[in-house]
Amino acid sequence: MTSPVSSRPTLRPVQSSDTRVGSASATRNAAPPEQRPVDVFAPAGVTATSARPADGLKAYDELDAVQQALLGPNGREMYPGLTPKQRGVFLLITQRLEHNGVDLTGLRLKGGAEGIRGTNLRFDLLFEPDPAAMAHFKSSVQDGVRAGKFSEDKPLSLFHQGVSDWGVRENRTQYALQMGFGPEGAFVDMDRYNPRQGGFWNHLKHWGEILTPGNMDPFKVAPDLGEDIFSKLPPATS
C-alpha cells in the first residue's frame, strides 16, 4: 500500500499524476511559510530508526498528541498489536473528528483496544464516560451543529445502548460520522449511507448496510474522503 501524496487533496480537473503532483508542489512552495496550510497530522518526533508498519498505516510515532492520548499510557505497546482494520478505523474516525473541529482532549478509549471495533460487525470507537472530557467533547460537537457540520439525530438505543441520550450525524450523504452520548460514555461510528440525507433510497441503503455489516473498508474509505492514514516512514529492511 502506498500513501497518497497529500493528506488533503482538492478537487481539480483530471490530469496525469506527474502533472498534478508538480502543480501542487509548486503552489505550496510559492506561498510564504506563514500562509501555507498546517498539516495537523504531520509526523512529529519520529525517530530515525522507525519503519513503516507492514500494513502501510501510520506508525505510533506518526500519530498526533491527541491520538496518542486516546490510546492511553500503554498505547505505544498496544497500537502495533491492533489489527490493520482496527488501526484503519482508529485513524480514519479520529482524523475525521479533528478535521470537523471536534475536541477529543482528555478522552480515553473504553477498554483500551476493545474500544476500537474494526470488525465484520462494527466500525466504531467507544469512549470512557469521563465527565470533564465528555463535557469538552459534547460542547465541541454542539458547536459543530451550530456551524452546520452536524445535525442532531438521537441514536437508536437498540444498537447503541447506554450511549443514546443525545447524538448527531455528520451532514454528508455518504461516509457520515454518527455520534452518541449517554451514561456509559460515547460512541462514534461511520455509516456508508446517511439515512437523514439523500432521500428515500439512502434511507433504504442504510438499513441494507445494517442488515449486511462488515463492508466498510478504511483502506478504501480514507482515500475517498481525502484522509491520509498512511505512513510516510521508509519500509522496514530485513
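S151 stands opposite R169, a residue of strand β4. This comes from a predicted model. The two strands involved are β3 and β4, which run antiparallel and are joined by three bridges. Strand β4 covers residues 166-170.

**The sheet**

Six strands make up an open sheet with antiparallel pairing. Their order is β1-β2-β6-β5-β4-β3. Which strands stand at the edges? They are β1 (116-118) and β3 (150-152). Each has a single partner strand, so one side of each has no neighbour in the sheet. From one strand to the next, the twist averages 20°.

Two helices pack on this sheet. Helix α5 (residues 131-146) touches β2, β3, β4, β5 and β6. Its direction makes about 135° with that of β5. Helix α7 (residues 218-225) touches β2, β5 and β6. The direction of α7 makes about 105° with that of β5.

**Strand β4**

Five of the five residues of β4 are buried, so the strand is largely enclosed by the rest of the structure. W166, V168 and E170 point one way from β4. G167 and R169 point the other way. On the β5 side, four bridges join the antiparallel strands β4 and β5. One partner pair there is W166 with F181 of β5. A hairpin through three residues connects β4 to β5.

**Helix α4**

Helix α4 takes in residues 84-99. Its 16 residues should span 22 Å at 1.5 Å a residue, and its end C-alpha atoms are 22 Å apart, which agrees. How many of its residues are buried? The number is 13 of the 16, so α4 is largely enclosed by the rest of the structure. G101 follows the helix, with a positive phi near 80°.

**Salt bridges**

The whole structure holds eleven salt bridges.

| Pair | N to O distance |
|---|---|
| R169 and D153 | 2.6 Å |
| E227 and R96 | 3.1 Å |
| K110 and E184 | 4.0 Å |

Take R169 and D153. R169 sits in strand β4 and D153 in the loop between β3 and β4, 16 residues apart. R169 is buried, and D153 is buried too.

Next come E227 and R96. E227 lies in the segment after α7, while R96 belongs to helix α4. The pair links parts of the chain 131 residues apart. Both E227 and R96 are buried. Along with E170, they are linked in a network of salt bridges. E170 is one of the β4 residues that point the same way as W166 and V168.

Are K110 and E184 buried or partly exposed? K110 has 27% relative accessibility, so it counts as partly exposed. E184, at 42% relative accessibility, also counts as partly exposed. K110 lies in the loop between α4 and β1, and E184 in the loop between β5 and β6, so the pair ties together parts 74 residues apart in sequence.

**The whole chain**

The chain has seven helices and six strands. From the N terminus on, the elements run α-α-α-α-β-β-α-β-β-β-β-α-α. Buried residues account for 42% of the 238 residues. Among contacts between residues at least 6 apart in sequence, 58% join residues at least 24 apart. The chain exposes about 12,500 Å², and carbon and sulfur atoms supply 56% of that area.

How values were computed:
Residues numbered from 1 in each chain as written. Predicted model: local features only at pLDDT ≥ 70, side-chain atom pairs only at ≥ 80, totals over all residues. Heavy atoms only, no water. Buried < 20%, exposed > 50% of the residue type's maximum accessible area, 1.4 Å probe, protein only. Contact = heavy atoms within 4.5 Å. Areas by Shrake-Rupley, 256 points an atom, 1.4 Å probe, with all protein chains shown as cover. Pairing = 2+ DSSP bridges. Axes fitted to C-alpha atoms, helices over the stretch in contact; angles between N-to-C directions. Expected span 1.5 Å × (residues − 1). Salt bridge = Lys/Arg side-chain N within 4 Å of Asp/Glu carboxyl O.
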